[in-house]
Amino acid sequence: MTQRIGIYPGTFDPITLGHADIIRRGSKLVDKLIIGVTTNPSKNPMFTTEERFAMVEREVKSLGLTNVEVVGFNALLVKFAQQQGASVIIRGLRAVADFEYEYQMAGMNQQLDDNIETVFLMADVSLQPIASKLVKEIALYGGDIAPFVSEPVRGEVNARVEEIGRKGDF
């Protein structure tokens with residue numbers, strides 16, 4: 001019997017409690033879950049790829065999941081999934097706007113390799129509004145991001161904000 005491998009890709013800039021929820025739940029659906037940390041320059045990352053990779057590794061370790069591995073990649077998602085032997089791509093959905101984009105991506109990925117299925121997981125209701133982009137914006141304007149990220153991630157984000165400087169009137 002072959003092992004069912006899933007990929008949960010993202011920039012994780014920074015990793016949020018919503019991401020951790022999808023990782024925890026996604027790990028139950030597959031024998032092995034690979035968290036693919038990638039770069040999307042259009043997202044204007046706050047952290048380098050190496051910093052995000054280390055952040056995700058630490059957060060995954062804190063979840064105590066034995067079937068999860070963190071891997072960095074800079075390739076077409078389907079090619080990465082093929083290289084890892086994955087048959088499932090896991091994507092988290094927060095709102096209808098996410099669905100439109102993810103639905104289109106799932107269709108394109110299916111055209112590239114119809115042996116890889118995309119599985120959508122709805123974010124926990126309490127975590128649905130959380131988005132990395134908004135976490136960064138809140139932190140940059142001096143807001144409290146404690147409800148959205150773990151304590152270690154909060155420290156890293158706040159330290160980075162101190163380095164680059166806060167925005168707005170505070």
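**Salt bridges and cores: a guided tour**

Guide: Welcome! In this predicted model, Glu 59 and Arg 58 form a salt bridge whose closest N and O atoms lie 3.3 Å apart.

Visitor: What makes the contact of Glu 59 with Arg 58 a salt bridge?

Guide: The cut-off is 4 Å between a side-chain nitrogen of Lys or Arg and a carboxyl oxygen of Asp or Glu. The N and O atoms of Arg 58 and Glu 59 are 3.3 Å apart, so the pair qualifies.

Visitor: Why is Glu 59 called buried?

Guide: Buried means under 20% relative accessible area. Glu 59 has 11%, so it counts as buried.

Visitor: And Arg 58, how do you know that it is partly exposed?

Guide: The class runs between the 20% and 50% limits. Arg 58 has a relative accessible area of 29%, and therefore is partly exposed.

Visitor: Which other residue meets the side chain of Arg 58 in a salt bridge?

Guide: That is Glu 156, at 2.6 Å from N to O. This pair links distant parts of the chain: Glu 156 belongs to helix α6 and Arg 58 to helix α2, 98 residues apart. Glu 156 has a relative accessible area of 24%, so it is partly exposed.

Visitor: Why is Arg 160 called buried, whereas Glu 51 is called partly exposed?

Guide: The 20% limit decides. Arg 160 has a relative accessible area of 14%, so it is buried. Glu 51 has 26%, so it is partly exposed.

Visitor: Which residues are linked in a network with Arg 160?

Guide: Glu 51 and Glu 163 are linked with Arg 160 in a network of salt bridges. The structure holds nine salt bridges.

Visitor: Let us turn to the nonpolar side. Which residues touch the most other members of the largest nonpolar core?

Guide: Of its 29 residues, they are Tyr 8, Ile 23, Leu 33, Ile 35, Val 56 and Val 157. Helices α1, α2, α5 and α6 each supply at least two residues of this core, and so do strands β2, β3 and β4.

Visitor: What does Ile 23 touch, leaving out residues up to four places away in sequence?

Guide: Ile 23 touches Tyr 8, Ile 15, Leu 33, Ile 35, Val 60, Leu 63, Leu 65 and Val 68. Apart from this core lies another, of twelve residues, including Ile 5, Val 71, Ala 81 and Ile 89.

Note on methods. Residues numbered from 1 in each chain as written. Predicted model: local features only at pLDDT ≥ 70, side-chain atom pairs only at ≥ 80, totals over all residues. Heavy atoms only, no water. Core = buried A, V, L, I, M, F, W, Y, C linked by side-chain atoms within 4.5 Å. Buried < 20%, exposed > 50% of the residue type's maximum accessible area, 1.4 Å probe, protein only. Helix = DSSP H or I, 4+ residues; strand = E, 2+ residues; numbered from the N terminus. Contact = heavy atoms within 4.5 Å.
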